[in-house]
Each structure stands twice: as C-alpha cells, then as structure tokens.
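Take a look at the model below. The paragraphs after it lead you through the parts one by one.

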Amino acid sequence: MASTGILIETENGAVKETSLGVMTAAAGQEIIALVTDADPAGLKDKLAEYGAAKIVKLTASGKDVSASPDLAARALDAAVGKYSLTALLGTASTTGKDVFARVAAIMDQPLVSDCVALDIQAKTAKKSHFSGKTFASLKVDAAVFLATLRPNAIEAKAAPAAGEIEEFPADVTDPELLIIKEVKKGDSDKVDLTEAPVIITGGRAIKAAENYKMLEACAAKIGAAVGASRAAVDAGYAPHSMQVGQTGKTVSPKLYIACGVSGAVQHFAGMKTSKVIVAINEDKDAPIFAKCDYGIVGDIFDVVPVMTEKL
Amino acid sequence: MKICVCVKHVPDTAATIKIEGENAFRDSEIKFVVNPYDEYGVEEAVKLKEKNGGEVVIVTVGKAEAAATIRSAMAMGADRAILVKTDSQFLDASLTAKALKAAMEKDGLPDMIFTGKGSVDTESFQTQYRLAHSLGMPVVNEVSTLSVDGKKAVAELEVGGGDKQVIEIDLPCVIGATKGLNEPRYPKFPDIMKAKKKKIDEMSLADLGLDASAPGVTVEKLEPVPERTGAKMIEGSVEEQVTELIRVLKEDEKVL
C-alpha cells in the first residue's frame with residue numbers, strides 16, 4: 001500500500017480538527033502522521049482513531065523543527081524520502097500554506113494549494129480559481145503528490161489504525177535565512193478565523209468597533225470566530241486580520257452568519273464554500289439574501305442579543 | 001537599489017468568468033488588471049525607491065495583452081518592465097518561477113523582489129517561494145508591515161488568531177505583499193501618459209531557454225461554483241425568527 005504523509009497541526013497539545021479532515025482525505029492509503037510541534041504521546045489516541053498507521057515525531061539536529069519554516073520544510077522533504085511517501089498533505093492554514101510552498105520549492109514538485117477535494121490515486125484535485133467564482137479540476141503529474149486542503153472542506157471520519165509512535169531525526173539543518181525575532185500576541189483566546197467551524201461576521205451595519213463585543217458574546221457561546229467585512233475594516237471598526245473575502249481571508253466553515261453584511265462579490269469570494277450561510281440584514285433588498293441559505297430581515301442590534309440568549 | 005516587482009495580469013475580481021469548452025474562459029470581453037496583491041508590492045517598491053533612490057523593474061510572465069497591465073503598474077512609478085510572453089493564463093507555477101528567475105538573471109539580479117501573496121486567478125500561493133529557493137534568497141509571504149535598513153529587512157506577518165511574527169532577513173530577499181502593507185496610489189493622468197513611454201523589454205520562454213511542454217499541473221476542467229438560489233426567509237417576531245433559525249441549524253442542517 002502506498003504511503004501518504006500528513007502534516008499534523010496542533011493547538012495546546014491536541015490535534016486540530018482540520019488535520020483530522022486531511023487524514024480522511026487520504027483514506028485508503030497507509031497514513032503517516034507527521035508531528036512537528038507537540039508530544040506525539042498526547043496525540044496518539046486521536047490520530048490512531050482517525051487512521052494513522054504511524055505517528056512520526058520529526059526532529060532535526062535535536063531542534064524543534066516547527067520553530068523555523070525552512071527547517072520544517074527540509075525535515076518534511078527528508079521524511080518523504082525516509083518513508084517513501086507518494087503523497088504529502090496538509091491544511092491550507094497560514095502556516096500550512098507557507099511550509100508546503102517551501103517543501104514544493106525544495107523538492108521541485110508541483111503543489112496544489114487550498115483544495116476542496118482530491119484523489120490521491122488519480123492525482124487529481126479540485127480547487128477555487130478566479131476568487132471563488134469557478135472550480136478548477138487539476139491533474140498533477142508528479143512523483144510525489146503535494147497538496148494542502150481548505151480547512152473544514154472534508155469532514156473527518158474515524159477509521160482506526162495502529163498509530164505506532166516513532167521518532168525521525170532528519171539529517172538536515174536550518175539555512176538560517178529567517179530569524180524570527182518575536183511573536184506579537186493578538187487576542188490570543190480568539191478562535192482562528194480560517195479554521196473555525198462557525199463564523200459570525202459583522203459588516204458595515206456594526207457601526208462601531210466596540211459593537212463587535214456583541215458578536216463576540218454570541219460567538220463565545222458556540223465556539224465561533226468573529227469576522228468582519230471589508231466595509232467594516234475600511235471604516236476602522238475591525239483590524240485587517242479579521243477581514244473575510246477578497247484581500248482578506250478565505251474561510252469555509254460549517255456555518256457562516258453574516259450580520260449587517262451587504263454581500264459584495266468580493267465578500268462571497270472569501271466565504272461561498274461555507275456549508276450553510278445565514279444573513280441578518282435590515283435591508284430586505286440586500287444582495288446577500290439572493291445568495292445565502294437562510295435570511296432574517298431585522299436590525300442586528302435586535303436579533304443578535306436574542307440569538308446569544310437562546311444559543 | 002534595484003527592486004524587481006513580479007506582476008501578474010489577471011481578470012478583474014468583479015469580472016464575470018465565462019467558461020469556454022472544458023478548461024478555458026473567454027478573456028476577450030473581460031477587464032484585466034494588475035493582480036491586487038501585487039499592487040501592494042509595486043507601491044512598496046516605489047516608496048523604497050523614492051526614499052533610497054535606484055530603480056523599480058516590473059517583471060511579468062503572461063500573454064502579450066499583459067502589456068496594458070504592465071503600463072498600469074508603471075504608472076504607479078516603476079521605471080521599466082520585462083514581459084516574458086506565454087500563450088496560457090494557467091502557466092505552471094514552477095515554470096513561471098523559472099521564467100522570472102531567468103529574466104532577472106539576464107537583466108541583473110535585484111536587491112529586493114516583491115510579489116503579491118498570491119494571485120487571484122489560480123490562487124496557488126507558491127511562485128514567490130520557488131523563485132526565492134532557486135535564487136537562494138529568503139522569502140517571507142503575507143507581509144503586512146516592512147522596514148528596510150541598509151542590508152536588512154524586518155517583516156511582519158500574521159500567523160493566525162491575530163498573532164504576528166516579526167522576522168528579520170538579509171537582502172537580497174523576496175517579499176510577498178498583502179493588504180495592510182500600504183495604500184497603493186491611484187496614478188494621476190501625467191503618470192499614465194509618462195508610463196506609455198516607458199520601456200517594456202519583451203522576450204519569449206524560448207529566448208530564456210525554457211519550454212512549456214511538460215507541465216506539472218494541468219487544468220482539466222473549469223466549472224462555475226454553484227450559486228445559492230436565494231435565501232429561505234424566516235419570518236415572525238425577533239423571538240420567533242431566532243427560535244426557528246436555531247431549530248433549523250440544529251435539526252435540519254446539523255451545523256450547531
């Protein structure tokens with residue numbers, strides 16, 4: 001059986017839900033879970049449950065490979081050789097996209113980024129082209145199939161496997177081209193937008209930065225992340241890190257609730273592959289109602305607090 | 001200081017993409033523009049030139065029609081341009097990177113290279129990494145804050161959840177620009193007129209010793225992303241609307 005490597009992402013020592021979905025995308029292959037930034041023992045139960053035949057902790061010269069994207073990329077390249085991987089998959093998160101592009105450059109192999117579906121055996125993938133307006137079906141001609149999957153695009157399904165833990169100390173060094181001086185903490189307890197299962201977005205109708213607290217209160221009840229439309233960011237109500245859409249983030253949650261968002265094409269570019277889209281808007285003629293699943297005509301300042309109370 | 005900015009000729013994000021045949025689109029009726037993320041790169045390069053002197057060269061791999069897009073980028077203040085002509089909008093990222101590298105080597109390697117964080121047509125987010133790797137330069141992508149001091153640059157990028165990494169690199173380097181880095185200028189009429197006289201050095205892939213015959217990735221099919229046909233509107237008092245919405249999301253859609 002051919003082996004597929006999956007770069008596992010973790011948070012607070014636990015496997016991210018999005019990585020389990022990537023493992024499901026590799027069903028039918030021998031799955032080698034590659035861990036860079038956590039203790040594999042703490043991940044074993046979950047990774048074995050979702051199909052990992054092996055759980056490999058990657059290290060390089062005794063260093064934490066996750067501390068440098070170039071070192072992580074070199075270690076992953078070494079792992080491809082060591083385990084004779086015919087595919088290497090990861091999440092199209094900020095770090096996943098960055099590391100995979102580095103791996104692809106080192107290996108000089110094609111890379112398909114941000115796929116919504118893929119077939120490892122056929123070496124085909126489906127992904128967005130033209131800012132979410134079209135899907136492109138791609139055929140990859142490569143010895144090793146490299147791809148990242150859009151978070152939440154594939155629902156994780158349990159498929160128990162052995163989950164044997166081993167360590168692979170890769171014989172690679174950091175080229176030391178990048179020196180990470182510091183990490184400036186944002187609002188650290190907020191759920192990461194691109195990987196959140198539920199997102200509540202505030203548009204121009206939010207009227208002021210402090211009114212996002214109303215959305216945050218609602219989001220906190222269901223573990224959702226809070227986003228903003230371009231209009232709200234441009235008006236100074238929210239930072240760019242919260243922007244969903246063209247020139248912002250592309251998201252694909254199970255549930256997207258747009259509060260006071262008009263629904264520009266550029267906004268849809270960043271969220272149209274969400275499973276269910278709900279819009280709340282005072283204007284019954286807002287374009288968003290033509291392109292979402294459920295709509296409520298109403299003032300967000302009336303509707304959202306009631307929603308927070310009832311959730 | 002010589003700065004190269006890689007600019008891609010892409011359909012305007014507001015354009016309607018009409019698919020033709022299995023894997024092509026009608027490009028004759030739609031407006032093409034400078035890839036929006038590349039505009040941040042052009043602006044940053046021009047600002048650096050205004051501060052430190054030197055020149056800004058636009059490097060594009062694209063169809064012959066890309067010349068118009070290059071003129072727009074030059075109207076923002078770039079000095080001249082190189083266009084490596086190809087027949088396809090969907091050139092393999094690896095080949096694009098090789099073409100950019102060869103064109104820059106022929107012209108003389110720059111002190112800095114800017115790209116956008118990705119292009120809005122193929123959305124594949126990798127050309128800058130391949131270019132940087134082949135030139136042995138550091139690359140930082142999705143840069144929203146940048147300072148350059150002599151031979152060093154400090155770049156900030158968002159790494160998720162609002163956290164920002166601060167990364168120091170040596171020049172020469174490759175920077176993938178994103179929103180927040182600056183506010184790209186709107187060229188004034190005299191700048192647009194001036195840009196018409198600026199030089200575009202045109203060449204083919206073959207001139208650079210490259211060929212497009214064995215792509216790693218092929219677009220087999222293009223299809224519209226299915227559009228939703230209109231919302232199911234939930235009526236009633238606010239209480240009733242919210243109660244029904246939560247019921248639908250829990251029971252029918254199972255997303256809560």
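What follows goes from the contact between the chains to the sheets and then to the helices.

This is a predicted model: local features need pLDDT of at least 70, side-chain atom pairs count only at pLDDT 80 or more, and totals for chains, interfaces and linings use all residues. Residues are numbered from 1 along each chain as its sequence is written, while chains are lettered from A and ligands numbered from 1 in the order in which they are written.

Start with the contact between the chains. Chain A gives 78 residues and chain B gives 64 residues; two residues are in contact if their C-beta atoms, placed from the backbone, lie within 7 Å. On the side of chain A that touches chain B, the largest share, 9 residues, comes from helix H4 (residues 94-107) of chain A. Helices (H or I, at least four residues) and strands (E, at least two) are DSSP runs, numbered from the N terminus. By class, that side of chain A has 36 nonpolar, 20 polar and 22 charged residues. Here Ala, Val, Leu, Ile, Met, Phe, Trp, Tyr, Cys and Pro count as nonpolar, Asp, Glu, Lys and Arg as charged, and the others, Gly among them, as polar.

Strands also link the chains. Strand S9 (residues 134-140) of chain A runs antiparallel to strand S14 (residues 217-224) of chain B, joined by 7 bridges. Two strands pair if DSSP finds at least two bridges between them. Val140(A) stands opposite Val217(B).

Now find the open sheet of 10 strands. Its order is S12(A)-S11(B)-S10(B)-S9(B)-S12(B)-S8(B)-S1(B)-S6(B)-S7(B)-S13(B), with mixed pairing. Strand S12 (178-184) of chain A and strand S13 (200-204) of chain B are the edge strands, and each pairs on one side only. From one strand to the next, the twist averages 30 degrees.

S12(A) pairs with strand S11 (residues 163-170) of chain B in the antiparallel sense over 6 bridges. Lys184(A) stands opposite Lys164(B) there. S11(B) and S10(B) pair in the antiparallel sense over 8 bridges, with Ala155(B) opposite Ile167(B). These two strands form a hairpin with 2 residues between them. Gly161(B) in the turn has a positive phi of about 65 degrees. Next, 6 bridges join S10(B) to strand S9 (residues 139-149) of chain B, and the two run antiparallel. Thr145(B) has Glu156(B) as its bridge partner.

H2(B) lies across S6, S7 and S13 of chain B, at about 160 degrees to S6(B). Axes are lines fitted to C-alpha atoms, for helices over the stretch in contact, and angles run from 0 to 180 degrees between N-to-C directions. The axes of H2(B) (residues 66-75) and H5(B) (residues 189-197) come within 8 Å and cross at roughly 125 degrees. The two helices are therefore oblique to each other: angles under 35 degrees count as roughly parallel, over 145 as roughly antiparallel, 65 to 115 as roughly perpendicular and the rest as oblique. Arg71(B), Met74(B) and Ala75(B) of H2(B) meet Asp191(B), Ile192(B), Ala195(B) and Lys196(B) of H5(B). By class, that contact has 4 nonpolar, no polar and 3 charged residues.

Finish with the open sheet of 6 strands. Its order is S14(A)-S13(A)-S15(A)-S16(A)-S17(A)-S15(B), and the pairing is parallel. Its edge strands are strand S14 (225-228) of chain A and strand S15 (232-233) of chain B.
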